[in-house]
Amino acid sequence: MITLSLIGIGTGNLDHVTLAAVRVLNNADLILLPRKGEAKSDLIDLRRLLCERLLEAPVTTQIVEFDLPSRDGRNDGVRDNYLGTVDDWHAAIANVWAQLMEEHLPNGGQVGMLVWGDPSLYDSSLRITQRLSAVGKQVDVEVVPGITSLQVLTAEHKIPLNALAEPVHITTGRRLRERGWPSDAATVAVMLDSGGAFTTLPQADTYIWWGAYLGMDKQCLIKGRLSEVGDQIVQRRAELRDTHGWIMDIYLLARQPLL
C-alpha cells in the first residue's frame, strides 16, 4: 500500500517549513519533484534545496524528478472549456504519479509530494489524488498543512486579513474580472491573476496590498490607494516577469484601511 503525503512547504522561505513537514519528509521512501519548465526553474530549485537541507539521510531516500504534463490553455476564455481542459490535465498528472509510484515503489511505501503553499488553497494536489484509483493506484492520503501566500502577504504588510467583524472573500483574477467586487465582502483576496484584474474596479475608494515572490529573496511589496499605486503595480509586475521569466503574486483589496 502507498501512503501519499502532500506536504505544504510554504512560499519559498526555509524558515516557514513546519516541524511536521520536516518529520513527514524524513519518513518518505520516495519524494517526487515536479519540473514545470525552464521558466519556473526556481520552483524546483527550492524543492531541491529543501531536500538537501532537511533530509537527515538523503542518500537512502529516493528523490525522483519528473516533467509535469502541460495544460492546453487554448480554451481558457470559456469557463466550461477551461474546466474541461483542467480536468484532462489533472487526469494526465494522476497517470504520471501512478506510473512513478509503480516504478519506484512497487511493493508500497511512503511517498512525499512537496506542495507550494498549502494543499488546501488554490492547489489541485488533493483533486489529483482522487483520480489515482481510476488509473489503478490505491493510496492513503496524508495532508501536512503549510503557510500560505495569503498569510505571508498579510504578515509582510503587517495587516490583518479581515476588517473588524467583517467577512473575507478569496477569489481569482478571472472571477474578479467577470463579477467585480463581491457584494458581501469587506476585503477581497485575489490569487492566480494573470495581471491587473484590479484595474476593472473603482479606483478612488479601494486600497490594495500587493506582493510578488512572497517569502523568496526577490520578494516585492507595494501598497496604497488603488488610484495611486495601481499603475505602478501593473508596470512593476511586468518588469519582474520579464526579468525572471515567471511570476507568482497575490493581493488583498479593501474599501478602507485595515488598521
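Is His-157 buried or exposed? In this predicted model, His-157 counts as buried, because its relative accessibility is 8%, and the cut-off for buried is under 20%. The residue belongs to helix α5, which spans residues 149-157. Leaving aside residues up to four places away in sequence, His-157 touches Trp-209, Trp-210, Leu-221, Ile-222 and Lys-223.

**The sheet and its helices**

Five strands form an open sheet with mixed pairing, in the order β6-β7-β10-β8-β9. β6 (168-172) and β9 are the edge strands; each has a single partner strand, so one side of each lacks a neighbour in the sheet. Direction ignored, neighbouring strands are turned by 15 degrees against each other on average. β8 and β9 pair in the antiparallel sense, over six bridges. Tyr-207 has Arg-225 in β9 as its bridge partner.

| Helix | Strands touched or crossed | Angle |
|---|---|---|
| α5 | touches β6, β7, β8, β9 and β10 | about 65 degrees with β10 |

**The nonpolar cores**

The largest nonpolar core has 41 residues. Those with the most contacts inside it are Ile-7, Ile-31, Leu-114, Ile-208, Trp-210, Tyr-251 and Leu-253. Elements supplying at least two residues each include β8 (207-212), β9 (220-225) and α7 (226-244). α2 gives the most, with five residues. Domain 1 (2-144) and domain 2 (149-254) each contribute at least three residues. Another core, of 21 residues, lies apart from it; Leu-4, Trp-97, Met-101 and Val-115 are among its members.

Ile-31 touches residues including Leu-25, Cys-51, Ile-63, Val-64 and Leu-114, not counting residues up to four places away in sequence.

Definitions and conventions:
Residues numbered from 1 in each chain as written. Predicted model: local features only at pLDDT ≥ 70, side-chain atom pairs only at ≥ 80, totals over all residues. Heavy atoms only, no water. Helix = DSSP H or I, 4+ residues; strand = E, 2+ residues; numbered from the N terminus. Buried < 20%, exposed > 50% of the residue type's maximum accessible area, 1.4 Å probe, protein only. Contact = heavy atoms within 4.5 Å. Core = buried A, V, L, I, M, F, W, Y, C linked by side-chain atoms within 4.5 Å. Domains from an automatic or database assignment. Pairing = 2+ DSSP bridges. Axes fitted to C-alpha atoms, helices over the stretch in contact; angles between N-to-C directions.
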